[in-house]
Amino acid sequence: MSGPGRPGLDWPGLMRAGLVRLGLTPGEFWRLTPVELELMLGTEAGIAPLTRARLEELARAFPDKLKGDR
């Protein structure tokens, strides 16, 4: 895992969640793996993976257009 400058990770938000919401000490927070923090925050059930049925639903709702189509 890269340092605090890693794009895509909200380090201030993660630290607030760990230190304030979970009551972790800074040392405890930094010893956690991202997966452990995710489990402790209960975010593993967040966004469901894209299923084939949902992909097909999206394809019907937003069909690809060929060149020349309006």
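Analyst: What follows concerns a predicted model, and each answer sets a computed value against its cut-off.

User: What makes W11 count as buried or exposed?

Analyst: The relative accessible area of W11 is 8%, and since buried means under 20%, W11 is buried.

User: Why is the pair of W11 and W30 called stacked?

Analyst: The ring centres of W11 and W30 lie 5.4 Å apart, with their planes at 25°; because rings pair if their centres lie within 6.5 Å and planes under 30 degrees apart count as stacked, the pair is stacked. This pair links distant parts of the chain, for W11 belongs to helix α1 and W30 to helix α2, 19 residues apart.

User: How do you know whether F29 and W30 are stacked or edge-to-face?

Analyst: Their rings are 4.9 Å apart from centre to centre, with 85° between the planes, and because planes over 60 degrees apart count as edge-to-face, that is the name for F29 and W30.

User: Why is W30 called partly exposed?

Analyst: W30 has a relative accessible area of 45%, which falls between the 20% limit for buried and the 50% limit for exposed, so the label is partly exposed. F29, by contrast, is buried, with a value of 4%.

User: Which residues make up the largest nonpolar core?

Analyst: That core holds 6 residues, namely W11, A17, L24, F29, L37 and L41, and the elements giving two or more residues to this core are α1 and α3.

Note on methods: Residues are numbered from 1 along each chain as its sequence is written. This is a predicted model: local features need pLDDT of at least 70, side-chain atom pairs count only at pLDDT 80 or more; totals for chains, interfaces and linings use all residues. Side-chain values use heavy atoms; hydrogens and water are left out. A nonpolar core is a set of buried Ala, Val, Leu, Ile, Met, Phe, Trp, Tyr and Cys residues joined through side-chain atoms within 4.5 Å. Buried means under 20% relative accessible area, exposed over 50%, partly exposed in between (1.4 Å probe, protein chains only). Helices (H or I, at least four residues) and strands (E, at least two) are DSSP runs, numbered from the N terminus. Rings of Phe, Tyr and Trp (its six-membered ring) pair if their centres lie within 6.5 Å; planes under 30 degrees apart count as stacked, over 60 as edge-to-face and the rest as tilted.
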